[in-house]
Amino acid sequence: MGTYNKGILGAFSGKVGPVVGATWRGKEVMRSLPKKGSRMATDFQQAQRSKFAMTTEFLGGIQPVIKRYFGSDTGLKTRRNQAMSYLMKEALVFNDPNYEWDYTKVLISKGDLLGMNNGQVVAGTGQNLEFSWTDNSGQGEAQATDALVVVAYEPTSKTTVYNLNAGTRNSSSATLALPTFLSGLEVQVWATFASADEKLAATSLYLGSVTVA
């Protein structure tokens, strides 16, 4: 690392060719770019990178859901960090040579609100998913006005479709419209409830896989 006086070009910051300009203890300095490490990643590191990449991709499609309904944002970890930690530890399984999702363990929300009772999903007409459940309003903190949140994920195209207010708890049925290009493909489906003020959420329920009509 070397210092230099401000000349005709003046000071700079950032990378220019093989050097980086910066300010260090009040002085303008230049230093060479660090060399890339030559050590190979361990099996554990490679596994963590693979799991991190898969989880990041999945969460990217449901970011608005996670940011509202996964755990609590009052601790040291954000809701997204909580979801990332949970999914990497609990919902990914190794099937040599790759990791795969155990969709039965995937959660799109996590909380103490009463969840869906007797939830079901079937393929409707067109590219629609039809949801049904038993109204359990009045049990615990469950309210008739709780919003139904649904998520459908198609793993081949990595397409995610969600609705933050597909219906209310007391409606007992709802529909989610999917894009036409998903016709004939299998989607994984989850559902949960959130209070109207979004202060409470239920732990999501995996409803299974459905082949889109």
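Author: A charge sits over a ring if NZ of Lys or CZ of Arg is within 6 Å of the ring centre and within 35 degrees of the ring normal. This is a predicted model, in which local features need pLDDT of at least 70 and side-chain atom pairs pLDDT 80 or more, while totals for chains, interfaces and linings use all residues. Residues are numbered from 1 along each chain as its sequence is written, and side-chain values use heavy atoms, without hydrogens and water.

Reader: Which residue lies over the face of Phe193?

Author: The distance to the ring centre of Phe193 is 4.2 Å. The residue lying over that face is Arg169.

Reader: What kind of aromatic pair do Phe58 and Trp190 form?

Author: Rings of Phe, Tyr and Trp (its six-membered ring) pair if their centres lie within 6.5 Å, with planes under 30 degrees apart stacked, over 60 edge-to-face and the rest tilted. Phe58 and Trp190 are 5.9 Å apart, centre to centre. Their planes stand at 70°, and the pair is edge-to-face.

Reader: Is Phe58 buried or exposed?

Author: Buried means under 20% relative accessible area, exposed over 50%, partly exposed in between (1.4 Å probe, protein chains only). Phe58 has 1% relative accessibility, so Phe58 counts as buried.

Reader: Which strands stand at the edges of the sheet?

Author: Strands are DSSP runs (E, at least two residues), numbered from the N terminus, and two of them pair if DSSP finds at least two bridges between them. The open sheet has 3 strands in the order E7-E8-E11, with antiparallel pairing. Each edge strand has a single partner, so one side is left without a neighbour in the sheet: these are E7 and E11.

Key
Helices (H or I, at least four residues) and strands (E, at least two) are DSSP runs, numbered from the N terminus.
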